[in-house]
Amino acid sequence: MVRACTIVSTVAVVAGSPATDVAEAARPAGETGTVSRSLTRIALALALLPLLVSAVVLIVHVGSAYHAVSDNALNELHTRDVPHHPALLGPYSRDGWNHPGPAMYYLLALPYLLGAKHSIGMALGALLINGGAIAGMAVVARRRGGAPLALFTLVGSALVVRSLGADFIRDWWNPYIPVLPFGLLVLLTWEMTCGEAWALPVAVGVASFCIQTHVAYVPLAIPMLAWGVVGLVLAARRADQAADHPGRPALARAAVIAAVVLVVMWLPPLVEQMIHSPGNLTRITRYFRHPPDPVHTFGQGYRVVIKQFGLRPDWLVGAEKPNIFTGEPMAIVSAPVPWLLLPFLGAVIVLWRRKLLDACRLAGTVVLGLVLSVVAVARTSGNLYAYRLRWVWMLAMLASVVVAWAAWTLASTRRHEPRLRWLTALSLAALLVLAGLNTVDAATAGTPQRPESKRLATLLPDVARSLPRGDGAVLVRSVSFAGSNYEGGLVLALEGRGVTTRIEGSDRGHGFGDHRYYRRGPIRAILYTAVDADIEALSARRGLRLVAYLGTRTPSGRKRLARQRASLDAAFRSKKISNESYYFGLGANTKQLGTAVGVLMEAPVPTPRLAVRCHGRLPPRGRPR
């Protein structure tokens, strides 16, 4: 089914849209403006149907059962703070600074409030942002190229949604949520190069959102905006030469509105920059001027980008598994032959020879984006994680739209009217199939972050019941990266129950927010989130008790297996067993240990009896030994 859908969709993408100046000549006989608008609306409804179904599933079947963890929990905490603690910083980065600004928190605040401050409200906000990006791309395509271009832009968007997956589209993780809006930014930039002044303030807003949400969009969005502004200025000069259509007043009005948008969106990070020394923007600048790790090469950037023009591009067939050791795409080592660049280059030649300037401007904007992508990849310090590079998919998809435009233009003659109708019908059918597949994915996606969310939901009642009565803050700690994945989720969940939670530290750039750091005052309890071996290590500390546990083995069973592993390590160090026996025994021991998540508490009061959960079942209650 998926293979058949890919074949149909590939044929569909070979049909684009005529330029505005030839739209009337290319329109099949009997097609009116009403028919064109109706076709666009049907196609847009099909493209957005999976997102609507995903929202219904979240509201009806998931609800408050979903508890965000890891980075998503931290971002939810900041969104929850918006009415009471104005956000000045963007999402926290593992490199010790925050991304440039808090635009995503303010955009997600309203849907989060409408979602009764449950985690599904954040997912609903992500769906709204991605749905708005898809609709925006369709609107721009419809304005410049008519219903066919809008139709095939939506087919391309549906293919990208199919490859990204239902979980991606509803995920508000900051490397994910700007991907589809970046596609809208590319089309808005194209609209600006065609002389449409209204696109300037909208593009400034979208570009600011992308940049503030993830710093990787800085070398992409800023040159894109500059390209669009140059196109606007040139178009205004051309319009001024025509006495009946002056262009400078419209550009001036758009520039004033864009300046207001720019000030409003960048005021929070500028305030943070002024009240702290060094400010966050300064720390970001220093990091990229003097990166702690080697940056990548232009050759690696070229291979990452050109991978999307092989015969099996990720945006069409789904993401290739990254290197299991580094998380980097395999394309940085070797990339396929970019056969799909040939039709793109042929399309540019056709459009240029036919003097379809709007289409040529779109091609030029896409080429600029691809070149900037090479630079952005080459300037990345440290590991080039594949999940950060999805923006390239949008550029490759829009390159296929350029091919479609050229193919449609070649067929746009009276002699080929039946063929145009077939191409339109086939593309609409492809969109229908893709909408059906994406809808099924959305309906069966289930709970976001399902394993971690379910574990936290299981542990939370025991943790809340174990907290001693009285005033004071509950400190939450973790001793490993794996444990920290549940640290934010536990803080979020306890705050939702009205418990005052704090963490230790003083770095204002951390993901919890400065007001959540413990300063002074009574402490009600100290909680530790632990995963796997952390549980045994913390249980050995004096004064710590396991208050919530979920694992494939009981705590006593894990202790017994841990002692066996310690004996195995000692025998290996003393060379009493061979390497083969050691690694065989180590693998067997690890498999028997399985996985476990627990919460330990340090408090000056007796701890209630522990509910030990193994494989989701409750064995007899009892304290861990």
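Guide: Contact means heavy atoms within 4.5 Å. Keep in mind that this is a predicted model, where local features need pLDDT of at least 70, side-chain atom pairs count only at pLDDT 80 or more, and totals for chains, interfaces and linings use all residues. Residues are numbered from 1 along each chain as its sequence is written, and side-chain values use heavy atoms, with hydrogens and water left out.

Visitor: Is T40 buried or exposed?

Guide: Buried means under 20% relative accessible area, exposed over 50%, and partly exposed in between, using a 1.4 Å probe and protein chains only. T40 has 12%, so it is buried. Its side chain also makes a polar contact with the side chain of R142, at 3.4 Å. Such a contact is a pair of N or O atoms within 3.5 Å; within protein, one must be able to donate a hydrogen and the other to accept it, and residues adjacent in sequence count only if both atoms are side-chain atoms.

Visitor: And where is H515 found?

Guide: Look in the loop between β2 (501-502) and β3 (523-531). H515 counts as partly exposed because its relative accessibility is 30%. Leaving out residues up to four places away in sequence, H515 touches D81, H85 and R502. H515 and R502 lie 13 residues apart in sequence, with their C-alpha atoms 8.5 Å apart. The side chain of H515 makes a polar contact with that of R516 (3.4 Å).

Visitor: How should I read a nonpolar core?

Guide: In soluble globular proteins, nonpolar side chains tend to be buried together. A nonpolar core is a set of buried Ala, Val, Leu, Ile, Met, Phe, Trp, Tyr and Cys residues joined through side-chain atoms within 4.5 Å.

Visitor: How many residues does the largest nonpolar core have here?

Guide: The answer is 155, and those with the most contacts inside it are W172, F182, W391, L490 and L527. Helix α6 (residues 119-164) gives the most to this core, with 24 residues. A second, separate core has 12 residues, including L475 and L546.

Visitor: Which residues is W172 in contact with, leaving aside neighbours within four places in sequence?

Guide: Among them are Y66, N72, M104, M122 and I177.

Note on methods
Helices (H or I, at least four residues) and strands (E, at least two) are DSSP runs, numbered from the N terminus.
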